[in-house]
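Thanks for coming. I will take a few minutes to walk through one structure, starting with a pair of charged residues in a helix.

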Amino acid sequence: MARFRRKTCITLTGLILFIFVITLILKSLRPEGSGFGSPFGLGLFPHLNRVEQSAVQPQIGEDTSASKAARTVPKKMPHESAVESEAELSDFPAPNYNLHAFYYTWYGNPQFDGKYIHWDHPVLPHWDPKVAVGYPKGRHSPPEDIGANFYPALGTYSSRDPSVVEAHMQQLRTAAIGVLALSWYPPGMKDDNGEPTDNIVPLILDVAQKYQLKVAFHIEPYKGRDDLSMYNNIKYTVEKYGEHPAFYRYKTSSGKLLPLFYVYDSYLLSPDKWANLLKDGGRHSVRNTPFDGLFVGLLVEEKHKSDILAAGFDGVYTYFATNGFSYGSSHNNWKFIKGFCDSNNLMFIPSVGPGYMDTSIRPWNFQNTRNRINGKYYETAFGAALDARADVVSITSFNEWHEGTQIEKAIPKTAGQTTYQDYLPHKSDIYLEITRRWAEKLVKEREKWLV
């Protein structure tokens, strides 16, 4: 019996050693970093392969369908993508929907548009021929020579480039801007130096939505703009874009959510014509229709206050980033304009800007240059807007490069005999950072006003 037990122990010990040796051999055959589970068959069952792609060494040689499957990263479920997207957006400050920035999509380059658009802006002659003769003529010649006094960090970009639109939306969110006021012409129409851009709107809306931004329409003075064409174009924008989640609607004091439209150079049409569109009973009235909205007229001269009121507009904005250039753009008039608006149930939307410099396209207009003073000019404008208790603050502009009002990133550059202006000694994002700080102040000030 003792001999039998000894024999059994030896047999069991040998079996255990055999299993141990086999286990070591199998471990040595296992792919590095494979984790737990079967070391075989991963190519045949790709849904079982949970190895991160970055942890797998690239295979050299024939790329069989099995090896492709083994390296395939499983698709994310919709809820997983949404969580990741929210995590990415958490890196940005919250968007302030009472802070709007004027945005332009008229830029083009050969890669996306077959030619340069707007970067090659012509030099505009002075209206007095005697003065004009003393200044240069012709067009700018991109990419080194552009129609701007500053040079964009993104280069001579195209507004149709999705990567550019993505970068712009990221910059807007960095600045805590909640709404971009999109320069808009009806389909097939354009400005004097550009091409039609209505077909870019879907891209703008989609990327804006990704970054929780909203899009308002800044209607330009297109050829033939009158009360009837405006009715048709308002109808077009609401019907085509109004259901998009990025389409901006402002909540009124009565609780209504209405689209807001900025109307540039509104003074070009008489108040009685506007009244046909903007007053109850007008021939082409949008009031109490699916196309109703908040319409904001441009206030340049003091007399425009009464014109805007008679026309039936819902508010005023000042646009120009040149303190003292016009009645509307002068900071010291903003409290008086706000008082007029409050008395007549109008919105007051002053426009602040970082400076103004357009001598690259208007070389004779140096008297209207407003130096940025390393950001102090911009901060002064913001301070004036908050002192006036603005309902909404608009920014002129995000990217109107021709007039040097942009807060978009710019870089130092010298090309030939031209040295472009820059944001030194600050970084390229200094005006985004200033905007973000004032966006926070706007939130705090509005909380005080509403108490």
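Start with Glu 440 and Arg 436, which sit four residues apart in helix α13 and are therefore separated by about one helical turn. Their side chains meet in a salt bridge, 2.6 Å from N to O. A salt bridge here is a side-chain nitrogen of Lys or Arg within 4 Å of a carboxyl oxygen of Asp or Glu. Salt bridges that share partners join Glu 379, Glu 433, Arg 436, Arg 437 and Glu 440 into one network. Glu 440 is partly exposed, at 41% relative accessibility. The cut-offs are these: buried is under 20% relative accessible area, exposed is over 50%, and partly exposed is in between, with a 1.4 Å probe and protein chains only.

A word on what you are looking at. This is a predicted model, where local features need pLDDT of at least 70, side-chain atom pairs count only at pLDDT 80 or more, and totals for chains, interfaces and linings use all residues. Residues are numbered from 1 along each chain as its sequence is written, and side-chain values use heavy atoms, with hydrogens and water left out.

Now the overall picture. The protein has 13 helices and 14 strands; these are DSSP runs numbered from the N terminus, helices being H or I of at least four residues and strands E of at least two. Of the 451 residues, 48% are buried.

Back to charges. By the rule I gave, there are 20 salt bridges. One of them joins the side chains of Glu 144 and Lys 413, at 3.2 Å from N to O. That pair links distant parts of the chain, 269 residues apart: Glu 144 is in the loop between α5 and β2, Lys 413 in the loop between β12 and β13. Another joins Asp 314 and Arg 287, at 2.9 Å. Asp 314 lies in the loop between α10 and β8 and Arg 287 in the loop between α9 and β7, so this pair ties together parts that are 27 residues apart in sequence. Both Asp 314 and Arg 287 are buried.

Asp 265 is in the loop between β6 and α9.

Next, the strands. Two strands pair if DSSP finds at least two bridges between them. In β1, seven of the eight residues are buried. β6 and β7 also run parallel, joined by four bridges, and Phe 261 has Phe 295 as its bridge partner in β7. In a regular strand the side chains alternate between the two faces of the sheet. From β7, Leu 294, Val 296 and Leu 298 point one way and Phe 295 and Gly 297 the other, and all are buried.

Last, the core. A nonpolar core is a set of buried Ala, Val, Leu, Ile, Met, Phe, Trp, Tyr and Cys residues joined through side-chain atoms within 4.5 Å. The largest has 109 residues, and those with the most contacts inside it include Met 169, Trp 274 and Ile 395. Its largest share, eight residues, comes from helix α13, where this talk began.
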